[in-house]
Amino acid sequence: EVVDNGDQAGFKGDKDVYFELLMSRIKGILLLMKMGYEDPWGIEDLFDDARAELESALRSRHHPLFHDLDPSGQMQRLDSALIDFHLFRAEQSKDESDRGSYIEVAATIGIRMMAEDEYLIAEAALIALKALISSTTFSSKEELDGEDPSDVRSKLFQYRQKIKEILALSCPSTDVMARESFLASNLGDFSMEAF
């Protein structure tokens, strides 16, 4: 019934609106999971649907989804949520092997955007760096082309600090309302879907 109401309200009519709805749901469910709730909503299915919508939009040069943010930016938004999900699963995992697997997946997604994309959304870069920093705890010197994992981790911390400094400059500390609004708009919200 809920899906039918969404179809009638037009959520699946405009592909850019549907992608935004999926991203909002993903962020909202992930937040609820971090608060200790189970996932009866199927967050992995939402990731699959969002990726399918993004791939579908890539077939059209002038798709409305890319009016405000180019394809790589939209992919970074989706990838950063996916990295956050895998890092959360790693935190929840009791088995060290599973934990390492989740972190490896998160780091693989993170390195893709860091290496392939010309520009990065700062928040996406921060979550990617978090995954890469976590992966250095499971990496050997051989896996890092002879580099000491602690040296690599130190360099990644330096990159993360530079990005945080840039973010701090973009929103002065005196403008608390602007920063709080920005954070709230990137959080994801279930309750506003109906409006």
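A salt bridge here is a side-chain nitrogen of Lys or Arg within 4 Å of a carboxyl oxygen of Asp or Glu. A search of the whole structure finds 8 of them, and this tour visits a few.

Before you start clicking: this is a predicted model, in which local features need pLDDT of at least 70 and side-chain atom pairs count only at pLDDT 80 or more, while totals for chains, interfaces and linings use all residues. Residues are numbered from 1 along each chain as its sequence is written, and side-chain values use heavy atoms, with hydrogens and water left out.

**Stop one.** Select R89 and E44, whose closest N and O atoms are 2.8 Å apart in a salt bridge. R89 sits in helix α4 (residues 71-92) and E44 in helix α3 (residues 43-57), so the pair ties together parts 45 residues apart in sequence. (Helices are DSSP runs of H or I, at least four residues, numbered from the N terminus.) R89 is partly exposed at 26% relative accessibility, and E44 is partly exposed at 41%. Buried means under 20% relative accessible area, exposed over 50%, and partly exposed in between, with a 1.4 Å probe and protein chains only.

**Stop two.** Now select R112 and D79, a salt bridge with its closest N and O atoms 2.9 Å apart. R112 belongs to helix α5 (residues 96-116) and D79 to helix α4, so this pair ties together parts 33 residues apart in sequence. D79 is buried at 2%, whereas R112 is partly exposed at 21%.

**Stop three.** E116 counts as exposed, at 58%.

**Last stop.** Which residues does the network link? Select R51, D79, R112, E116 and D117 to see these salt bridges joined.

Note on methods
Helices (H or I, at least four residues) and strands (E, at least two) are DSSP runs, numbered from the N terminus.
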